[in-house]
Amino acid sequence: QVQLVESGGGLVQAGGSLRLSCAASGRFFSLSKMGWYRQAPGKQRELVAVATSGGSINYADSVKGRFTISRDNAKNTVALQMNSLKPEDTAVYYCYVHSVMSPLVGYDTWGQGTQVTVSS
């Protein structure tokens, strides 16, 4: 079982920056994916950025060039640096990991969510 502890988020003016952090702990063989999703009011949860243990990174088109994801495999942490924030970035941001227990067993785990609000 994997536990996720998120930090960061808050209220910022448009054009500002915020940094989200997430630390994973528990029993697992590896974390094949670590990243962030978000959910705005009335909308479905969407991918923001995900980084694999092999170094591949995937960003949503809406955040490319503004957000940067980074992970520390040794510490089992992932961070999201968010720059040039826009009001449409307002959402609850969720840390996400896919943990591998064995070659045939893996689990998705979500953090509790942290609110990011960007004022215009």
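**Reading hairpins and aromatic rings**

Student: Which glycine in the turn between S5 and S6 has a positive phi?

Tutor: Glycine 55 does, at about 105 degrees, in the hairpin where four residues separate S5 and S6. Strands here are DSSP runs (E, at least two residues), numbered from the N terminus. Two strands pair if DSSP finds at least two bridges between them. S5 and strand S6 (residues 57-59) run antiparallel, with three bridges, and alanine 51 has isoleucine 57 as its bridge partner.

Student: Before we go on, what kind of model is this?

Tutor: It's a predicted model: local features need pLDDT of at least 70 and side-chain atom pairs pLDDT 80 or more, while totals for chains, interfaces and linings use all residues. Residues are numbered from 1 along each chain as its sequence is written, and side-chain values use heavy atoms, leaving out hydrogens and water.

Student: How many bridges join S4 to S5?

Tutor: Six, and those strands are antiparallel too. Tyrosine 37 pairs with leucine 47 in S5. This hairpin has six residues between its strands, and glycine 42 in the turn has a positive phi of about 80 degrees.

Student: How do I read a pair of aromatic rings?

Tutor: Look at the distance of the centres and the angle of the planes. Rings of Phe, Tyr and Trp (its six-membered ring) pair if their centres lie within 6.5 Å; planes under 30 degrees apart are stacked, over 60 edge-to-face, the rest tilted. Searching the whole structure turns up three aromatic pairs. In one of them, tyrosine 37 and tryptophan 110 have ring centres 4.9 Å apart and planes at 75 degrees, so they are edge-to-face. The partners sit 73 residues apart, in strand S4 and strand S10 (residues 105-110).

Student: Is tyrosine 37 buried or exposed?

Tutor: Buried means under 20% relative accessible area, exposed over 50%, partly exposed in between (1.4 Å probe, protein chains only). Tyrosine 37 is buried at 19%, while tryptophan 110 is partly exposed at 35%. Tryptophan 110 also pairs with tyrosine 96: centres 5.0 Å apart, planes at 45 degrees, so tilted. Tyr37, Tyr96 and Trp110 form one aromatic cluster.

Student: Where does arginine 45 lie?

Tutor: A charge sits over a ring if NZ of Lys or CZ of Arg is within 6 Å of the ring centre and within 35 degrees of the ring normal. Arginine 45 lies over the face of tryptophan 110, at 4.7 Å from the ring centre.
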